[in-house]
Amino acid sequence: MEKMPIGVFASIDAGLGVKLEVVRDLGVKTIQLHTPAKESRTPENAKAFLAKLDEYGIKTTVVFLGFEGESYETIEITAKTVGFVPEETRAARLAEAREIADFAKLLGVEAIGSHIGFVPHDVDSDLYKGMVAAIQEYCDYLKGNGQRLHLETGQETAENLLAFLSDVNRDNIFINFDPANLILYGMGEPIESLKKVAKYIRSCHCKDAKKTTGVPGVDWGCEVPFGQGDVDAKLFIQTLAEVGYEGPLTIEREIPEEPERQKAEIGQAIEVINAIKATL
Ligand code: MG
């Protein structure tokens with residue numbers, strides 16, 4: 001595969017990503033796939049989806065977990081509902097995460113991406129220990145499938161993330177680096193953070209955002225098209241290249257309620273990325 005091919009975050013049915021036909025129309029050859037709904041995750045659907053990907057010449061690089069009951073409405077609600085943090089749904093979500101991994105295996109995909117949720121900062125708390133144990137268990141399951149786990153960044157600082165990775169202590173856990181999340185959640189400067197976690201980065205999101213005008217970490221920043229926010233798109237891609245990253249540059253633009261605008265802005269992001277890549 002070419003170095004740093006462009007990708008798009010896509011969906012088959014439910015989900016925030018763009019439809020496969022849009023990816024094809026934009027001429028993009030890699031996608032990250034938001035997990036299809038439970039009823040769609042059948043061997044027949046996997047086969048049909050693979051045939052479509054083949055026809056369009058598209059490769060799926062990561063399948064992303066998603067669960068019912070997750071909400072990104074505010075930072076506080078995100079912290080309470082997303083990933084493996086809520087103790088009452090953790091076992092059921094782990095079971096579903098294993099099913100999603102098996103579906104990804106049918107698609108020939110070796111990486112599972114996940115917003116595992118806000119990692120608790122108190123490393124002595126039961127919540128933290130429970131999260132470490134849950135992710136260890138999941139990594140071990142993925143290992144049996146020949147798969148890796150890519151943690152989505154941004155809900156904790158680079159330092160906290162590194163400490164968590166070290167506590168999980170598995171050789172198939174890596175990072176999906178999302179520079180905009182660090183700005184949205186008020187968790188640090190993206191490029192400095194990228195350098196700190198560089199050796200773990202196996203996939204990334206080209207997403208951009210403006211810093212909050214309210215209280216960082218409490219109030220959201222604002223998501224904007226790639227290249228128009230505080231990420232510094234050029235420095236971001238240059239830095240990825242400098243640290244030896246060769247994986248896909250996956251554009252994430254989640255405005256499914258406005259499909260025309262979504263397609264147009266992804267098209268603009270492709271131009272921004274190609275112009276930067278030409279300078280490398
Ligand atoms: Mg992301």
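Which kind of link do the side chains of Asp140 and Arg170 meet in? They meet in a salt bridge, with N and O 2.7 Å apart. A salt bridge here is a side-chain nitrogen of Lys or Arg within 4 Å of a carboxyl oxygen of Asp or Glu. Asp140 sits in helix α5 (residues 126–144), while Arg170 is in the loop between α6 (158–168) and β6 (173–177), so the pair links distant parts of the chain, 30 residues apart. Helices (H or I, at least four residues) and strands (E, at least two) are DSSP runs, numbered from the N terminus.

Before going on, a word on what you're looking at. This is a predicted model, where local features need pLDDT of at least 70 and side-chain atom pairs count only at pLDDT 80 or more, while totals for chains, interfaces and linings use all residues. Residues are numbered from 1 along each chain as its sequence is written, and side-chain values use heavy atoms, with hydrogens and water left out.

Back to that pair. Asp140 is partly exposed, at a relative accessible area of 39%, and Arg170 is partly exposed too, at 30%. As for the cut-offs, buried means under 20% relative accessible area, exposed means over 50%, and partly exposed is in between (1.4 Å probe, protein chains only).

Now look at Asp171, which forms a salt bridge with Lys143, their closest N and O atoms being 2.7 Å apart. Asp171 lies in the loop between α6 and β6 and Lys143 in helix α5, so this pair ties together parts that are 28 residues apart in sequence. Asp171 counts as exposed, at 57% relative accessibility, whereas Lys143 is partly exposed at 46%.

How many salt bridges does a search of the whole structure find? It finds 21. One of them joins Arg24 and Asp25, with 3.2 Å between the closest N and O atoms. Arg24 is partly exposed at 37%, and Asp25 is partly exposed at 45%. Elsewhere, Glu223, Arg253, Glu258, Arg261 and Glu265 are linked in a network of salt bridges.

Let's return to the helices. α5 and α6 pack at an angle of about 60 degrees, with their axes 9 Å apart. Axes are lines fitted to C-alpha atoms, for helices over the stretch in contact, and angles run from 0 to 180 degrees between N-to-C directions. That angle makes α5 oblique to α6, given that under 35 degrees counts as roughly parallel, over 145 as roughly antiparallel, 65 to 115 as roughly perpendicular and the rest as oblique. On the α5 side, the contact (heavy atoms within 4.5 Å) is made by Tyr128, Met131, Val132, Ile135, Gln136 and Cys139. The α6 side brings Ala163, Phe164, Asp167 and Val168.

Asn160 is found in helix α6 and is partly exposed, with a relative accessible area of 26%. Its C-alpha atom is 14 Å from that of Glu189, 29 residues away along the chain. Asn181 is in helix α7 (residues 179–184). Is Asn181 buried or exposed? At 2% relative accessibility, Asn181 counts as buried. Leaving aside neighbours within four places in sequence, Asn181 is in contact with His115, Glu152, Thr153, Gly154, Gly186 and Lys207. The C-alpha atoms of Asn181 and Gln147, 34 residues apart along the chain, are separated by 25 Å.
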